[in-house]
Amino acid sequence: MTEQLDEELVARVQQGDKKAFDYLVIKYQHKIVQLVNRYIKDPSEAQDVAQEAFIKAYRALDGFRGDAAFYTWLYRIAINTAKNYLVARSRRNSNYEIDIQDAEKVENAPQLHDLESPDNHLANQQILDVLNDAINGLPEEMRTAIMLREFEGMSYEEIAEAMDCPVGTVRSRIFRAREAIDIKLTPLLTHGDFR
């Protein structure tokens with residue numbers, strides 16, 4: 001039923017009904033922002049990138065033929081937009097240096113502000129840090145597959161469509177991603193070996 005409603009809304013947009021696209025944005029904006037947030041940690045930047053993904057989708061909607069579900073097509077655009085943003089940002093920041101006198105002003109160091117947090121908060125944060133590092137350290141295809149499965153709740157078939165590969169490949173990537181993550185987390189969880 002969801003796909004059928006999406007198809008109807010897409011058809012209306014293609015016929016010039018801009019309000020129909022607003023419904024698609026409302027329906028998927030939260031999921032798209034969550035997806036982009038997995039790539040871009042700054043929430044305001046993630047919002048901007050998600051909005052850019054919707055703009056790209058709107059502009060490309062005339063070419064959408066329904067070979068994949070709208071939802072899958074939109075996710076693919078969002079992932080590509082986030083990746084493109086990261087590439088562009090890394091190029092911009094490649095010559096960026098922090099002045100020693102500006103070190104006090106660095107906002108991207110929340111651990112410096114949480115020195116008085118309880119031990120369990122610290123332990124949870126360390127586990128989350130290791131988990132994020134493990135996910136971010138995965139090869140791109142494995143990272144995308146595991147994120148779509150675990151964080152977005154997509155089926156193997158939807159992931160295969162989004163990544164344009166066979167379902168067996170998706171299963172393999174997710175298995176290897178989980179294995180790599182387990183290797184990083186197991187010592188931390190079993191021995192309390194917090195760094």
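I take a salt bridge to be a side-chain nitrogen of Lys or Arg within 4 Å of a carboxyl oxygen of Asp or Glu. With that cut-off, my search of the whole structure returned 5 salt bridges.

**Ground rules.** I am reading a predicted model, in which local features need pLDDT of at least 70 and side-chain atom pairs count only at pLDDT 80 or more, while totals for chains, interfaces and linings use all residues. I number residues from 1 along each chain as its sequence is written, and side-chain values use heavy atoms, with hydrogens and water left out.

**The chain as a whole.** I looked up the secondary structure and found 9 helices and 0 strands, where helices (H or I, at least four residues) and strands (E, at least two) are DSSP runs numbered from the N terminus. Next I asked what share of the 195 residues is buried. I use buried for under 20% relative accessible area, exposed for over 50% and partly exposed for what lies in between (1.4 Å probe, protein chains only). Buried residues come to 34% of the 195 residues. The protein chain exposes about 12,800 Å², of which carbon and sulfur atoms supply 50%; these accessible areas come from the Shrake-Rupley method with a 1.4 Å probe, and for residues only the protein chains shown count as cover. I also looked at contacts (heavy atoms within 4.5 Å). Among those between residues at least 6 apart in sequence, 63% join residues at least 24 apart.

**Salt bridges.** I noted Asp6 with Lys27, whose closest N and O atoms are 2.7 Å apart. This pair links distant parts of the chain, since Asp6 sits in helix H1 and Lys27 in helix H2 (residues 18–37), 21 residues apart. Asp6 is buried, at a relative accessible area of 3%, whereas Lys27 is partly exposed at 32%.

I then recorded Arg12 with Asp17, a salt bridge in which the closest N and O atoms are 2.9 Å apart. Arg12 is partly exposed at 36% relative accessible area, and Asp17 is partly exposed at 24%.

A further salt bridge joins Arg178 to Glu150, with the closest N and O atoms 2.3 Å apart. Here too the pair links distant parts of the chain, 28 residues apart, with Arg178 in helix H9 (residues 167–191) and Glu150 in helix H7 (residues 140–150). I found Arg178 partly exposed at 32% relative accessible area and Glu150 partly exposed at 43%.

**Another residue of helix H9.** I looked up Asp182, which lies in helix H9 and is partly exposed, with a relative accessible area of 45%.

**The negative patch.** Which residues gather in a patch of negative charge on the surface? I listed Glu3, Glu7, Glu8, Asp67 and Glu161. For a charged patch, I joined like charges within 9 Å, using residues with over 30% relative accessible area and no salt bridge. Asp and Glu count as negative, and His and the chain ends are not counted; the place of the charge is CG of Asp or CD of Glu. Helix H1 (residues 2–14) gives the largest share of this patch, 3 residues. Asp67 lies in the loop between helix H3 (43–60) and helix H4 (70–93), and Asp67 is exposed, with a relative accessible area of 76%.

Methods
Patch = residues over 30% accessible without salt bridge, like charges linked within 9 Å, V, L, I, M, F, W, Y side chains within 5 Å.
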